[in-house]
Amino acid sequence: MIELVAESACIKCDICVRICPTDVFDAVPGAAPIIARKDDCHTCMACELHCPADALYVSPRSDPDPAVDPETIAASGILGSYARALGWHRGAPGGTDDDPGVLLAFNRAPNPNDKVRMQLYNISQRNYIDVESSQVADV
Amino acid sequence: MALELDPGSRLARRSYDTSLVADVLVIGGGPAGAWAALTATEAGARVVLVEKGYTGTAGPLSSANTGIYYIKPDDPIHRRGMVTARMPLAFGLADERWLERTLDQSYANLDAMANWGYKWPKNEAGQEYRARLRGPDTLAFLRRRLTYARVVLLDHSPALELLMSNGVAAGATGVNRQTGTTWCVRAAAVVLATGGTAFLSGVAGTRGNTGDGYLFAAEAGAQFSGMEFSSQYAPAPYGGVLSRGAHLEYATLFDNAGNEITRGRKTVEAIEGTGAAWAILDKAKDEATRAMLRKTHAHIFLHLERLGIDPFREKYRIDFRLEGTIRAVGGLAIDDDLATTVPGLFAAGDITSKENVVGAGPPGGGPAAAWALASGSWAGKSAAVFAKRLGPLAKARPVEPIGMTGLRTAKDRKSDLSIADVTASVQAEMIPFDRNYWRSGVNLAGSLERFGREWREISNGSLLGEAVDTRSAARDLMRSRETTAMLATARWINASALERTETRGLHRRSDFPDLDPAQEHRLLSGGLDDVWVRRVPATPAAAAIAS
């Protein structure tokens with residue numbers, strides 16, 4: 001769940017207050033938002049992605065994380081690491097086209113004795129499309 | 001708090017801060033609701049979409065990737081191959097024609113997203129791979145499209161009840177959880193897309209998924225199907241919340257004694273029998289594969305990293321967490337046009353029964369995502385057509401708000417039970433493996449008796465405490481309805497599970513551990529004060545043979 005709004009990094013845009021699907025934050029005039037309803041956080045990490053200033057830290061634990069120390073977190077370089085891993089930048093989506101999992105080099109066949117999985121795997125090899133032939137003219 | 005400010009009293013007096021009129025009202029802003037709204041708009045309807053959280057981040061898709069059917073309609077090997085591969089996983093309860101129409105609609109929707117600018121990756125040969133969606137990106141992308149299509153979006157606006165006009169759905173009312181204000185949307189047709197429920201098991205992205213739409217539909221008289229196929233659990237790191245297993249294709253799993261086990265039922269048996277299960281991603285041997293996995297499943301590895309786990313080099317403890325009816329099977333019974341049994345009330349996504357497509361399950365992310373997009377499109381189109389047929393009559397008709405338990409109670413008193421009491425009671429039956437992963441007749445009958453008593457208690461007394469301001473009062477009202485919805489849902493699930501005396505797909509009975517070929521039927525259910533279950537033939541073909 002949400003553990004930290006880093007005051008030093010926060011630009012007080014209140015985007016997290018607006019986009020949090022469980023309404024965890026409260027806006028504070030002239031200051032960083034506060035974590036008002038921590039128990040409601042469901043660890044979707046949307047706030048981290050949508051934060052244009054990389055000012056938020058969400059712990060992946062379902063219970064409050066006792067180990068979180070704001071200064072250690074801020075110094076660790078972990079702020080914004082989820083956005084960087086996905087290819088989001090300053091709160092804007094990006095990076096869906098950068099997925100090495102589709103490269104043939106990484107295609108992993110299941111156990112050949114597992115007939116159902118094997119059949120699904122063979123079918124999935126036909127998922128690739130030649131983009132030119134699939135484009136519709138009205139873009 | 002003063003009566004005139006209390007959102008509950010204001011809803012009872014039909015005093016609304018915001019009153020809107022629409023052709024189609026969509027409740028729920030996940031992928032199914034978004035597609036319903038887009039398709040209805042395309043068909044000429046004026047659409048309002050209300051979401052408890054925020055359309056663009058709400059729902060279980062927000063936290064991770066999903067595979068999705070992208071099956072070429074003109075490639076018979078691809079299309080027939082997928083159908084024949086899936087049917088054995090449906091345990092006799094699916095209908096091939098529904099699977100085929102879902103494949104085709106999902107393909108069309110993904111191509112539409114490509115035309116609108118969603119980007120997919122390409123392989124070395126320059127070919128694109130559209131059979132996957134990244135959750136946070138997809139939701140943000142669909143929100144931009146909804147704005148572009150001029151769909152009116154109400155965020156942080158949980159619906160609390162339906163409006164009905166002579167047995168026909170006519171809109172909904174609710175509150176804004178951030179301001180404490182009340183709203184009302186009158187509409188010619190309503191699409192429910194509020195998702196399934198994990199009974200607040202803690203799985204990432206599911207806090208808003210409390211089965212609210214099931215409750216609204218049941219109050220209007222709708223029926224459910226396949227509620228027993230709801231025992232969906234998925235692997236997550238121990239103490240963590242992200243229930244995704246794609247990366248475990250590269251893992252070896254062990255029980256607590258160090259014996260190798262397989263994924264799924266054996267993992268649950270290991271946790272129950274030996275105290276724990278463990279995983280290590282030892283099949284990702286070289287650094288290139290590990291880097292690929294980190295990138296492709298960034299959300300999963302981020303969770304592991306922040307938990308202090310190096311999954312490639314050390315065994316880490318895993319758990320199975322309840323997803324309930326989320327990406328499972330059971331839900332509202334629907335017809336070919338995604339209409340519920342209530343006129344004017346349509347449904348899409350996880351809230352509907354997916355038996356037509358995946359039978360008894362398990363469906364997995366790919367079919368569930370394809371179903372969200374496809375059923376969203378169909379429900380949106382059907383609702384727009386219904387609205388057009390109704391025409392100006394929609395605005396002229398008298399409407400009644402119909403919310404009862406959890407919103408308005410039969411007697412003006414406080415319930416002996418609190419929101420926390422009822423939640424704990426429901427979770428005690430729905431979350432533990434020995435109650436819900438493996439069900440038994442004795443446990444189910446006992447739980448139904450207790451749930452019945454609790455239902456009567458909260459129908460005759462309010463769950464609400466003393467709120468300090470309108471905002472907290474609005475939130476309390478939402479929590480009260482959420483809790484009521486979870487209790488009602490647990491009753492349809494357990495009543496259906498008691499009736500099905502066999503093990504099939506996502507329904508497991510420890511007292512009937514085998515599949516019984518004589519039970520290749522479906523179970524309808526419904527009712528609030530009196531819960532009922534009824535058998536029907538599985539498919540039209542089966543019905544023809546039976547008659």
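Let me begin with a definition: a residue is called buried if 20 or more other C-beta atoms lie within 10 Å of its own. What we have here is a predicted model, and by that cut-off A374(B) is buried, because 27 other C-beta atoms lie within 10 Å.

If we leave aside the neighbours within four places in sequence, A374(B) is in contact with T102(B), Q105(B), S106(B) and N109(B). A374(B) and V152(B), by comparison, are 222 residues apart in sequence and, from C-alpha to C-alpha, 22 Å apart in space.

Now to the nonpolar core. In soluble globular proteins, nonpolar side chains tend to be buried together. In this model the largest nonpolar core has 202 residues, and the members that touch the most others are V24(B), V190(B) and V191(B).

Turning to the domains, chain B is divided into domain 1, made of 15-231 + 325-398, domain 2, which is 233-322, and domain 3, which is 419-546. The centres of domain 2 and domain 3 of chain B, taken over C-alpha atoms, are separated by 30 Å. Their contact draws four residues from domain 2 of chain B and five residues from domain 3 of chain B, and on the domain 2 side those residues divide into three nonpolar, no polar and one charged.

What about the two chains together? Here 47 residues of chain A are in contact with 58 residues of chain B. On the chain A side, the helices α1, α2, α4, α5 and α6 each supply at least two residues, and α5(A) gives the most, with five residues. That side of chain A divides into 25 nonpolar, twelve polar and ten charged residues.

I will finish with two backbone details, both of them positive phi values in residues other than glycine. T43(A) has a phi near 60° and is found in the loop between β3 and α2 of chain A, where it counts as buried because it has 24 C-beta neighbours inside 10 Å. R14(B), with a phi of about 55°, lies in the loop between α1 and β1 of chain B, and R14(B) is partly exposed, because 14 other C-beta atoms lie within 10 Å.

Key:
Residues are numbered from 1 along each chain as its sequence is written. Chains are lettered from A and ligands numbered from 1 in the order in which they are written. This is a predicted model: local features need pLDDT of at least 70, side-chain atom pairs count only at pLDDT 80 or more; totals for chains, interfaces and linings use all residues. A nonpolar core is a set of buried Ala, Val, Leu, Ile, Met, Phe, Trp, Tyr and Cys residues joined through C-beta atoms within 7 Å. A residue is buried if 20 or more other C-beta atoms lie within 10 Å of its own, exposed if 12 or fewer, and partly exposed in between; C-beta atoms are placed from the backbone. Domain bounds come from an automatic or database domain assignment. Two residues are in contact if their C-beta atoms, placed from the backbone, lie within 7 Å. Ala, Val, Leu, Ile, Met, Phe, Trp, Tyr, Cys and Pro count as nonpolar, Asp, Glu, Lys and Arg as charged, and the others, Gly among them, as polar. Helices (H or I, at least four residues) and strands (E, at least two) are DSSP runs, numbered from the N terminus.
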